[in-house]
Amino acid sequence: MRTPFVAGNWKMNKTVAEARDLVSTMGVGLKAVKGVEKVVCPPFTSLLAVANLLGGTDIGLGAQNMHWEEKGAFTGEIAPEMVKEFCKYVILGHSERRQYFGETDETVNKRVLAAQKHGIIPIVCVGETLQEYEAGKTAEVVRRQTLGALAGVEAGFAPSLVIAYEPVWAIGTGKASSGENAQHVHGQVIRPVLVELFGQETAGAIRILYGGSVTGANAAEFFSQTDIDGALVGGASLKDDFVLIAQAAAA
Ligand code: PGA
């Protein structure tokens with residue numbers, strides 16, 4: 001009943017010309033995949049070019065971050081209205097933002113509430129570090145991050161939320177989690193938090209993605225799990241592999 005969701009996080013990669021090339025080659029294969037919500041998230045500088053190429057297709061566009069203030073003296077930041085000019089989606093609270101740019105549960109929450117206010121669908125990232133994983137703190141950390149990010153989200157907006165569970169130790173390392181391990185976190189930690197916050201029915205409508213070294217080769221292992229509704233893909237979204245991942249989500 002939940003439509004599978006596959007998003008490509010391009011991170012800090014691709015000039016405008018390279019972004020155009022990538023979307024042109026990958027777009028053909030992506031468009032052919034039906035029954036899956038497909039989204040690409042290029043850097044801000046390529047949003048306009050990619051938006052022009054994707055116009056009239058069923059491939060959505062997302063930004064990789066967004067500030068919560070409406071406008072003003074925030075050098076280097078992008079406001080919700082600016083994101084909304086091009087994007088239906090925005091990735092929020094990615095672990096690289098938390099790790100390198102000082103984002104916290106509190107500032108992620110401000111961004112989520114700004115997305116809600118402006119009707120932008122947030123792809124909210126949570127996930128434990130290697131140290132936390134090894135200390136057996138996964139459930140505690142993911143629960144805290146999920147509750148923190150979603151504080152104040154209204155029940156009416158909640159069904160459009162997308163949550164991405166991305167264990168930090170699996171991101172860009174080639175060491176993906178196992179389907180079983182990810183299913184445990186999705187089904188035993190995140191979904192129950194969503195039930196607590198929004199009730200059974202709404203929680204059942206929210207997509208929970210897995211992210212961290214997803215490839216065309218391992219995607220099916222994740223998508224076959226009950227509570228894994230898609231993937232947030234980094235490295236493999238810069239290649240044709242992304243089409244294979246979307247195909248696996250459709251299967
Ligand atoms: P990866 O990145 O697929 O390269 O591991 C995932 C992410 O950071 O969203």
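What percentage of the 251 residues of the protein chain count as buried? The share is 54%. The model is predicted.

## Overall build

The protein chain contains eleven helices and eight strands. Its radius of gyration is 17 Å, close to the 18 Å given by the globule rule for 251 residues, so the chain is as compact as a globular protein of that length. Along the principal axes, the C-alpha atoms fill a box of roughly 45 × 45 × 35 Å.

Contacts reach across the sequence. Among contacts in the protein chain with a separation of 6 or more, 73% join residues 24 or more positions apart.

## Nonpolar cores

In soluble globular proteins, nonpolar side chains tend to be buried together. Here, the largest nonpolar core has 63 residues. Leu150, Ile163, Ile190, Leu194 and Phe223 have the most contacts inside this core.

Ile190 shows the packing in detail. Leaving aside residues up to four places away in sequence, Ile190 touches Val126, Val142, Thr146, Ile163, Tyr165, Val185 and Ile208. One of these partners, Ile163, is also listed with Ile190 among the residues with the most contacts in the largest core.

## Surface and charge

The protein chain exposes about 11,000 Å². Carbon and sulfur atoms supply 53% of that area.

The chain carries 22 positive and 27 negative charges. The mean positions of the two sets are 4 Å apart.

Note on methods: Residues numbered from 1 in each chain as written. Predicted model: local features only at pLDDT ≥ 70, side-chain atom pairs only at ≥ 80, totals over all residues. Heavy atoms only, no water. Helix = DSSP H or I, 4+ residues; strand = E, 2+ residues; numbered from the N terminus. Rg over C-alpha atoms; globule rule 2.2 N^0.38 Å. Buried < 20%, exposed > 50% of the residue type's maximum accessible area, 1.4 Å probe, protein only. Contact = heavy atoms within 4.5 Å. Areas by Shrake-Rupley, 256 points an atom, 1.4 Å probe, with all protein chains shown as cover. Lys, Arg positive; Asp, Glu negative; His and termini not counted. Charge placed at Lys NZ, Arg CZ, Asp CG, Glu CD. Core = buried A, V, L, I, M, F, W, Y, C linked by side-chain atoms within 4.5 Å.
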